[in-house]
Amino acid sequence: MKKIASILSFLCLIALCFVFVSCSQQEKDPDRVVLWHWMNDRHEALETLAARYQKETGVKVKIDLFSPPHAYTQRITATAQTRDLPDIFGILDKKEIFAAYIKNGFVADLTEEYKKDNAAWEKSLFTKALDVNRFAEDNIYGVKPGVYGVPLDVTNIQIIYNKRLLKKAGISRPPETFDEFLEATKALNRVGVAGLVSGWGEMWLIESFALNYAFNIMGEEKVMATFRGQVPYTDPDWIKVFEIFDTLSEQGALVDGIVIKQNKIAEQDFALERAAFAFNGSWCVNVYHGMNADLEYGVILPPPVNPDRPMKIWGGSGSSLVVNKASPSKDKAIAFLRWLTAKDQQAYLSQETKNLPANKDALSEIPQILSDFAGVMDHTTHPTLWKYNELAKVASEFNKAIQSIIVGDLTPQEAAAKVQSIKMAEMEKEKRRQQRRER
Amino acid sequence: MTSLAQRKKFTMGDAKESLVNFSFILPAVILFSIFYIYPFYDIFRLSLHEWNGIDAQKYYVHFDNFKELFKDGNWWRSMWHAGIITFFALTFQNVMAFALALACDQKIRMKKFYRMIFFIPPVLSEVVVGFIWMWILNGDMQSGEYIGILNYLLDKMGLHHLITSWLSNPDTVLTCIALVHCWKGFGWGFIMLFAGLQTIDAQLYEAARVDGANSWQIFKNITIPMMVPVILVVIFLTVLGSMQVFVLIKAMVGQGLQDYTSVPVSEIFESMIGLKRFGYACAQGVSFGVTLITISLVFKLLSTKVKQY
């Protein structure tokens, strides 16, 4: 009996040791760089480049893919909590969370690196792409001003149209105003073709579309004033924004079931010519090529409601990577990222994955459609560039309210009132949280 | 005094024996403490804090997260949605499972084939099931034809008035999800109920028939009373499984129509990943856990009473 007990206790001890060893932080190899990413379409190309880098420099870069993006975010959050982040990783979150990573010492400040060699690295990259990783002097997050990330590519989200289907509906040129857009979708419906498809089963795409029009209708300052709580969502300009979705839905301009479509499904719908317009990002070039190589399409800015104000679109950000501040291979990680964003590697990445390169010099070697996307980079904006962002809960309810308008369950006025009441409650809660933090 | 006097003196030998006995359960106790007790404790501790999941600093907020949860309309709506799905599962799913189990318990041909067919949906991944049904219930059209099988068939049968966008219509989306959940889950109930029916002694049926009982009397007075413990287990597992449905919804509608399809697990997920409110998400988790434990205890009590009966 005693023998059995001793054996059991011994086994238990081994099991415990195993548990603790596997839970403990692993010793990091300073001669190896580990990169964690979420980009399915770029994994192979990244691995090829990593192999090429090892051949050139002798430094091994291990590329690990964790997909889909929300699973990646969960993994990064969990490893940040255990302080076991890889040498290079990405933060797919709001600027506030990016700031939290920096303030907790997880992200290296790359400002000095960018300034080296007469700022050659900085000058080679698109300013808008760098700005996403930049914290300005007067940032509200309390982060030391500087640049904290490296953009791998740039992107923007626009309206893509199917040339063949437009021709079928007798439309000679893509719409230039919102009214023309509605007319075009009516003409398309008459020949049995659906209008606009997008992944509005994913909140961020609805938010992007809605805020494009909010900027067009009321301008950036008024949108920011709303985020600060100085303009209510019941303001006539915001009602106009909500009415856009009501109009699109009422006039049959949207694909049936758009509110539950995930972007992958929406991309399939457009590639298989089930809809004539898509609201999608420049990454779609690669996706559509994979789904239907013969697809003939072009790209336009979302047709404005207010012709007096320029249309702003989300973009500039693309995918960015950051360097782990505590990494023993920090310098090697930075060197690899610098090499990865150099002209040749960027051109290779762009050719293989059909994404817009972050390096301006690599732009000369891209297909026409990508060049069309790149042509409007001046129109881009992004929440990560704004001084203020909406409270997460309010943004979520704002998107849900738009879904309710599309399915006819709320009027624009009801939606605005609902979002405003949540905004008031959340601002009150935020004030209490702030007081608590200060205490 | 008598009892004290009667109590045996605790000797060194007894202590050793207790220690030896304890060492047998020590591995289980340690593992249970690490993987069950500690996470429960830590989740409860976090539920009393405000934390974004990244900052080293967590702010102690007493029971504020629970107070906020109590007033959170979205949370109660998600509980209501889970309740509706559970209601469908308890009625439609389990009645169907019981009916098919009874049918397969009769002397019919291809019994094994049916058993296998009925057990296919439960072994499929929820993501796969979600995508299959999303395709069946698709309301889109291409070149004048419906893409979704259901609408296509309704169209061909001339039942145009029944055609709708099943998953993007607020009136039908939750019912569709509940029915798909039932379709996926009824195989478990079927197997358990079928196994329960097999344990009923055939002599009881024969004796009843000799006494002149008809099929309904046999079912009411023999099958049902003998099956009550199994039925209770099936109901218990159905409630727990249905209240926690999440992946199926995520696969079928993603983040779409959340106001009409949210369930407690999706709310917890949203609080933690979307809103980065780890403390609040833990408070939701604790409250939901307590609700499920309460349901479990009620069923435990019920099953004990049934056994006594």
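**Figure 1. Four strands of chain A form an open sheet.** In this predicted model, the strand order is E9-E10-E8-E11, and the pairing is mixed. At the edges lie strand E9 (194-197) and strand E11 (297-300) of chain A, each pairing on one side only. On average, neighbouring strands of this sheet are turned by 20 degrees against each other, direction ignored.

**Figure 2. Here we zoom in on the pairing of E8 and E11 in chain A.** Strand E8 of chain A covers residues 157-162 and runs in the antiparallel sense to E11(A). Four bridges link this pair. To find your way along the strands, look for Asn162(A): its bridge partner in E11(A) is Tyr297(A).

**Figure 3. Two domains of chain A meet in this view.** Domain 1 of chain A takes in 32-155 + 316-375, while domain 2 of chain A takes in 157-314 + 388-434. Their centres, taken over C-alpha atoms, are separated by 29 Å. Where the two touch, 13 residues of domain 1 of chain A are in contact with ten residues of domain 2 of chain A. On the domain 1 side, H4 and helix H16 (368-374) of chain A each supply at least two residues. H16(A) has the largest share of that side, with four residues. By class, the side of domain 1 of chain A that touches domain 2 of chain A holds six charged, four nonpolar and three polar residues.

Figure 4. The contact draws on 42 residues of chain A and 36 residues of chain B. If you want one element to start from, pick H1(A), which gives the most, with nine residues. The side of chain A that touches chain B is made up of 18 nonpolar, 14 polar and ten charged residues.

**Figure 5. Gly257(A) sits in a loop of chain A and is in contact with residues of chain B.** The loop in question lies between helix H11 (236-250) and helix H12 (263-271) of chain A. Gly257(A) counts as buried because 28 other C-beta atoms lie within 10 Å, and the cut-off for a buried residue is 20 or more. Leaving aside neighbours within four places in sequence, the contacts of Gly257(A) are Gly139(B), Asp140(B), Ser165(B), Leu167(B) and Ser168(B). For a sense of scale within chain A, Ser172(A) is 85 residues away from Gly257(A) along the chain, and their C-alpha atoms are separated by 28 Å.

**Figure 6. Chain B, the partner in the contact, is shown by itself.** Chain B has 15 helices and four strands. Its radius of gyration is 26 Å, whereas a compact globule of 309 residues would have one near 19 Å. Along the principal axes, the C-alpha atoms of chain B fill a box of roughly 90 × 70 × 30 Å. Of the 309 residues in chain B, 32% count as buried. Among contacts in chain B between residues at least 6 apart in sequence, those joining residues at least 24 apart make up 72%.

Key
Residues are numbered from 1 along each chain as its sequence is written. Chains are lettered from A and ligands numbered from 1 in the order in which they are written. This is a predicted model: local features need pLDDT of at least 70, side-chain atom pairs count only at pLDDT 80 or more; totals for chains, interfaces and linings use all residues. Two residues are in contact if their C-beta atoms, placed from the backbone, lie within 7 Å. Ala, Val, Leu, Ile, Met, Phe, Trp, Tyr, Cys and Pro count as nonpolar, Asp, Glu, Lys and Arg as charged, and the others, Gly among them, as polar. Two strands pair if DSSP finds at least two bridges between them. Axes are lines fitted to C-alpha atoms, for helices over the stretch in contact, and angles run from 0 to 180 degrees between N-to-C directions. Domain bounds come from an automatic or database domain assignment. The radius of gyration is taken over C-alpha atoms; the globule rule is 2.2 Å times the number of residues to the power 0.38. A residue is buried if 20 or more other C-beta atoms lie within 10 Å of its own, exposed if 12 or fewer, and partly exposed in between; C-beta atoms are placed from the backbone.
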